[in-house]
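Here are my notes on this model. Please read them with the structure open.

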Amino acid sequence: MAKAESYNDLIFQLGDLARDRLAGKPNCPRTMDRVYRAEAALVARRDELAALEQQMNDEDAAWQDYLAQHQADREAQLEIVKKWKKAVDAVEGQTKTLRKTLSTRRADLRYAQDALKKMEKKHADLELTTQDESKLGVSRENLKKNRIQQMRLTREVENLERDVAMALTPKPGQPGAAGILAHKRMLELEDEMAARKEAFDQAMAEIDQAIAEKETEVQAAEDYLDQALFLLGEDVYTQRIADAQLAPFYPRLDRAQ
(Lines give C-alpha, C1' and ligand atoms only; values in the text may rest on other atoms or scores of the structure.)
Protein backbone atom coordinates (compact mmCIF):
# COMPACT_ATOMS: atom_id res chain seq x y z
CA MET A 1 0.00 0.00 0.00
CA ALA A 2 1.40 3.41 -0.97
CA LYS A 3 2.44 5.67 1.87
CA ALA A 4 0.04 8.59 2.46
CA GLU A 5 1.38 11.99 1.51
CA SER A 6 2.15 14.49 4.26
CA TYR A 7 -0.34 17.34 4.54
CA ASN A 8 2.35 19.77 5.73
CA ASP A 9 4.71 18.90 2.90
CA LEU A 10 1.99 19.30 0.29
CA ILE A 11 0.80 22.62 1.74
CA PHE A 12 4.36 23.97 1.66
CA GLN A 13 4.84 22.79 -1.94
CA LEU A 14 1.52 24.38 -2.87
CA GLY A 15 2.49 27.69 -1.25
CA ASP A 16 5.90 27.64 -2.94
CA LEU A 17 4.33 27.07 -6.34
CA ALA A 18 1.56 29.61 -5.70
CA ARG A 19 4.23 32.23 -5.02
CA ASP A 20 5.29 31.97 -8.67
CA ARG A 21 1.88 31.28 -10.20
CA LEU A 22 -0.27 33.91 -8.47
CA ALA A 23 2.07 36.84 -7.79
CA GLY A 24 0.57 40.03 -9.21
CA LYS A 25 -2.63 38.35 -10.41
CA PRO A 26 -6.17 39.49 -9.48
CA ASN A 27 -6.87 36.25 -7.63
CA CYS A 28 -3.71 36.51 -5.55
CA PRO A 29 -4.48 35.86 -1.84
CA ARG A 30 -3.71 38.59 0.71
CA THR A 31 -1.30 36.22 2.44
CA MET A 32 1.04 36.80 -0.52
CA ASP A 33 1.97 40.14 1.09
CA ARG A 34 3.49 38.24 4.02
CA VAL A 35 5.61 36.25 1.55
CA TYR A 36 6.83 39.46 -0.11
CA ARG A 37 7.85 40.91 3.26
CA ALA A 38 9.55 37.69 4.28
CA GLU A 39 11.50 37.57 1.01
CA ALA A 40 12.60 41.19 1.36
CA ALA A 41 13.73 40.58 4.93
CA LEU A 42 15.67 37.47 3.91
CA VAL A 43 17.40 39.29 1.05
CA ALA A 44 18.37 42.12 3.43
CA ARG A 45 19.80 39.70 6.01
CA ARG A 46 21.75 37.80 3.36
CA ASP A 47 23.15 41.07 1.97
CA GLU A 48 24.23 42.09 5.46
CA LEU A 49 25.88 38.72 5.97
CA ALA A 50 27.70 39.00 2.65
CA ALA A 51 28.91 42.49 3.63
CA LEU A 52 30.31 41.15 6.90
CA GLU A 53 32.04 38.28 5.12
CA GLN A 54 33.54 40.75 2.64
CA GLN A 55 34.69 42.92 5.53
CA MET A 56 36.46 39.92 7.04
CA ASN A 57 38.12 39.15 3.70
CA ASP A 58 39.21 42.77 3.34
CA GLU A 59 40.68 42.80 6.85
CA ASP A 60 42.59 39.61 6.14
CA ALA A 61 43.87 40.91 2.80
CA ALA A 62 45.04 44.15 4.42
CA TRP A 63 46.80 42.14 7.14
CA GLN A 64 48.58 39.97 4.57
CA ASP A 65 49.70 43.09 2.69
CA TYR A 66 51.00 44.55 5.94
CA LEU A 67 52.89 41.36 6.79
CA ALA A 68 54.59 41.39 3.39
CA GLN A 69 55.58 45.05 3.76
CA HIS A 70 56.73 44.46 7.34
CA GLN A 71 58.95 41.59 6.26
CA ALA A 72 60.46 43.63 3.43
CA ASP A 73 61.17 46.58 5.76
CA ARG A 74 62.67 44.31 8.40
CA GLU A 75 64.97 42.55 5.94
CA ALA A 76 66.20 45.88 4.58
CA GLN A 77 67.03 47.16 8.08
CA LEU A 78 68.61 43.84 9.07
CA GLU A 79 71.15 44.11 6.27
CA ILE A 80 72.27 47.48 7.64
CA VAL A 81 72.38 46.14 11.21
CA LYS A 82 74.63 43.25 10.14
CA LYS A 83 77.04 45.69 8.52
CA TRP A 84 77.42 47.62 11.80
CA LYS A 85 77.00 44.72 14.21
CA LYS A 86 79.57 45.85 16.80
CA ALA A 87 78.06 49.31 17.19
CA VAL A 88 74.57 47.86 17.38
CA ASP A 89 75.61 45.26 19.97
CA ALA A 90 77.04 48.01 22.16
CA VAL A 91 73.81 50.02 22.06
CA GLU A 92 71.72 46.88 22.54
CA GLY A 93 73.58 46.11 25.75
CA GLN A 94 72.94 49.62 27.06
CA THR A 95 69.22 49.66 26.24
CA LYS A 96 68.15 46.05 26.89
CA THR A 97 67.09 46.61 30.51
CA LEU A 98 65.38 49.89 29.65
CA ARG A 99 63.38 48.30 26.85
CA LYS A 100 62.41 45.37 29.08
CA THR A 101 61.07 47.84 31.66
CA LEU A 102 59.17 49.68 28.92
CA SER A 103 57.59 46.43 27.72
CA THR A 104 56.48 45.59 31.26
CA ARG A 105 54.98 49.01 31.89
CA ARG A 106 53.16 48.96 28.56
CA ALA A 107 51.56 45.69 29.62
CA ASP A 108 50.64 47.26 32.97
CA LEU A 109 49.05 50.19 31.14
CA ARG A 110 46.98 47.94 28.88
CA TYR A 111 45.77 46.01 31.92
CA ALA A 112 44.92 49.26 33.73
CA GLN A 113 43.00 50.55 30.70
CA ASP A 114 40.94 47.36 30.48
CA ALA A 115 40.27 47.41 34.22
CA LEU A 116 39.17 51.06 34.08
CA LYS A 117 36.72 50.35 31.24
CA LYS A 118 35.15 47.55 33.27
CA MET A 119 35.00 49.74 36.36
CA GLU A 120 33.34 52.58 34.41
CA LYS A 121 30.71 50.18 33.08
CA LYS A 122 30.12 48.77 36.55
CA HIS A 123 29.69 52.28 37.96
CA ALA A 124 27.26 53.23 35.16
CA ASP A 125 25.20 50.13 35.94
CA LEU A 126 25.30 50.97 39.64
CA GLU A 127 23.91 54.45 38.98
CA LEU A 128 20.94 52.83 37.26
CA THR A 129 20.23 50.29 39.98
CA THR A 130 20.78 52.08 43.29
CA GLN A 131 20.20 55.38 45.03
CA ASP A 132 22.49 54.44 47.91
CA GLU A 133 24.84 57.42 48.04
CA SER A 134 27.40 55.56 50.15
CA LYS A 135 27.78 52.84 47.51
CA LEU A 136 27.90 55.41 44.72
CA GLY A 137 30.48 57.44 46.62
CA VAL A 138 32.76 54.44 47.09
CA SER A 139 32.41 53.58 43.39
CA ARG A 140 33.23 57.16 42.32
CA GLU A 141 36.28 57.22 44.60
CA ASN A 142 37.56 53.94 43.14
CA LEU A 143 37.06 55.35 39.65
CA LYS A 144 39.02 58.46 40.56
CA LYS A 145 41.92 56.43 42.00
CA ASN A 146 42.08 54.20 38.93
CA ARG A 147 42.00 57.15 36.54
CA ILE A 148 44.87 58.78 38.40
CA GLN A 149 46.80 55.51 38.35
CA GLN A 150 46.26 55.20 34.60
CA MET A 151 47.44 58.79 34.04
CA ARG A 152 50.60 58.08 36.01
CA LEU A 153 51.24 54.89 34.06
CA THR A 154 50.69 56.75 30.79
CA ARG A 155 53.26 59.39 31.74
CA GLU A 156 55.71 56.71 32.86
CA VAL A 157 55.37 54.86 29.56
CA GLU A 158 55.81 58.08 27.60
CA ASN A 159 58.96 58.90 29.58
CA LEU A 160 60.38 55.43 29.05
CA GLU A 161 59.62 55.63 25.33
CA ARG A 162 61.45 58.95 25.17
CA ASP A 163 64.43 57.53 27.07
CA VAL A 164 64.64 54.53 24.76
CA ALA A 165 64.38 56.74 21.67
CA MET A 166 67.18 58.98 22.96
CA ALA A 167 69.39 56.00 23.78
CA LEU A 168 68.88 54.66 20.26
CA THR A 169 69.58 58.00 18.58
CA PRO A 170 73.29 58.25 17.65
CA LYS A 171 75.24 61.40 18.32
CA PRO A 172 76.48 63.44 15.36
CA GLY A 173 79.47 61.70 13.82
CA GLN A 174 79.08 58.59 15.99
CA PRO A 175 80.60 55.51 14.31
CA GLY A 176 78.01 52.97 13.21
CA ALA A 177 75.20 55.53 13.30
CA ALA A 178 73.47 53.94 10.30
CA GLY A 179 73.42 50.57 12.04
CA ILE A 180 72.09 52.06 15.27
CA LEU A 181 69.28 53.83 13.40
CA ALA A 182 68.46 50.62 11.52
CA HIS A 183 68.34 48.75 14.83
CA LYS A 184 66.03 51.43 16.20
CA ARG A 185 63.78 51.06 13.18
CA MET A 186 63.65 47.28 13.65
CA LEU A 187 62.51 47.77 17.25
CA GLU A 188 59.85 50.20 16.04
CA LEU A 189 58.72 47.60 13.50
CA GLU A 190 58.38 45.04 16.29
CA ASP A 191 56.24 47.44 18.33
CA GLU A 192 54.12 48.26 15.28
CA MET A 193 53.66 44.56 14.56
CA ALA A 194 52.51 43.84 18.13
CA ALA A 195 50.02 46.72 18.05
CA ARG A 196 48.71 45.82 14.58
CA LYS A 197 48.41 42.14 15.52
CA GLU A 198 46.37 42.98 18.61
CA ALA A 199 44.09 45.30 16.62
CA PHE A 200 43.74 42.72 13.82
CA ASP A 201 42.86 39.90 16.21
CA GLN A 202 40.28 42.06 17.95
CA ALA A 203 38.73 43.21 14.68
CA MET A 204 38.53 39.66 13.33
CA ALA A 205 36.98 38.39 16.57
CA GLU A 206 34.34 41.14 16.45
CA ILE A 207 33.53 40.44 12.80
CA ASP A 208 33.39 36.71 13.46
CA GLN A 209 30.92 37.30 16.29
CA ALA A 210 28.86 39.60 14.08
CA ILE A 211 28.80 36.95 11.34
CA ALA A 212 27.62 34.30 13.81
CA GLU A 213 24.81 36.58 14.98
CA LYS A 214 23.87 37.49 11.40
CA GLU A 215 23.77 33.81 10.40
CA THR A 216 21.23 33.30 13.19
CA GLU A 217 19.19 36.19 11.78
CA VAL A 218 19.38 34.69 8.28
CA GLN A 219 18.14 31.35 9.60
CA ALA A 220 15.26 33.10 11.38
CA ALA A 221 14.39 34.96 8.16
CA GLU A 222 14.44 31.68 6.22
CA ASP A 223 12.14 30.09 8.79
CA TYR A 224 9.78 33.06 8.59
CA LEU A 225 9.66 32.76 4.78
CA ASP A 226 8.87 29.05 5.10
CA GLN A 227 6.03 29.91 7.47
CA ALA A 228 4.74 32.56 5.07
CA LEU A 229 4.76 30.09 2.19
CA PHE A 230 2.97 27.52 4.33
CA LEU A 231 0.25 30.04 5.23
CA LEU A 232 -0.05 31.00 1.57
CA GLY A 233 -0.47 27.33 0.71
CA GLU A 234 -3.22 26.94 3.28
CA ASP A 235 -4.97 30.03 1.97
CA VAL A 236 -4.80 28.80 -1.62
CA TYR A 237 -6.07 25.36 -0.60
CA THR A 238 -8.94 26.81 1.42
CA GLN A 239 -10.02 28.99 -1.51
CA ARG A 240 -9.18 26.29 -4.07
CA ILE A 241 -8.02 29.00 -6.43
CA ALA A 242 -8.42 27.99 -10.05
CA ASP A 243 -5.03 27.40 -11.66
CA ALA A 244 -3.94 24.57 -13.93
CA GLN A 245 -0.78 23.80 -11.93
CA LEU A 246 -2.22 24.41 -8.46
CA ALA A 247 -5.46 22.43 -8.92
CA PRO A 248 -3.83 18.94 -8.85
CA PHE A 249 -2.73 19.60 -5.26
CA TYR A 250 -6.29 19.93 -3.95
CA PRO A 251 -7.41 16.26 -4.23
CA ARG A 252 -4.00 15.15 -2.95
CA LEU A 253 -4.46 17.37 0.08
CA ASP A 254 -7.97 16.04 0.57
CA ARG A 255 -6.48 12.57 0.93
CA ALA A 256 -3.36 13.62 2.87
CA GLN A 257 -2.84 12.88 6.53
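**Notes on confidence, packing and the pocket**

1. Within the chain, confidence is highest in helix α2 (residues 32-83), at 97, and lowest in α3, at a mean of 90. These scores are pLDDT, the predictor's confidence in each residue, from 0 to 100. Helices are DSSP runs (H or I, at least four residues), numbered from the N terminus. The chain averages a pLDDT of 93, and 98% of the residues score at least 70.

2. This is a predicted model: local features need pLDDT of at least 70, side-chain atom pairs count only at pLDDT 80 or more, and totals for chains, interfaces and linings use all residues. Residues are numbered from 1 along each chain as its sequence is written, and side-chain values use heavy atoms, with hydrogens and water left out.

3. Helix α3 (residues 85-129) packs on helix α4 (residues 133-167) at an angle of about 160 degrees, and their axes are 8 Å apart. Axes are lines fitted to C-alpha atoms over the stretch in contact, and angles run from 0 to 180 degrees between N-to-C directions. α3 and α4 are therefore roughly antiparallel (over 145 degrees).

4. The α3 and α4 contact has 15 nonpolar, nine polar and 12 charged residues. Ala, Val, Leu, Ile, Met, Phe, Trp, Tyr, Cys and Pro count as nonpolar, Asp, Glu, Lys and Arg as charged, and the others, Gly among them, as polar.

5. Which element gives the most to the lining of the largest pocket? α5 does, with eight residues. A pocket is an open set of points on a 1 Å grid over the protein atoms alone, where a 1.4 Å probe fits, with protein on both sides within 12 Å along at least five of seven lines; lining residues have an atom within 4 Å of a point. The lining divides into nine nonpolar, one polar and nine charged residues.

Definitions and conventions: Helices (H or I, at least four residues) and strands (E, at least two) are DSSP runs, numbered from the N terminus. Angles under 35 degrees count as roughly parallel, over 145 as roughly antiparallel, 65 to 115 as roughly perpendicular and the rest as oblique.
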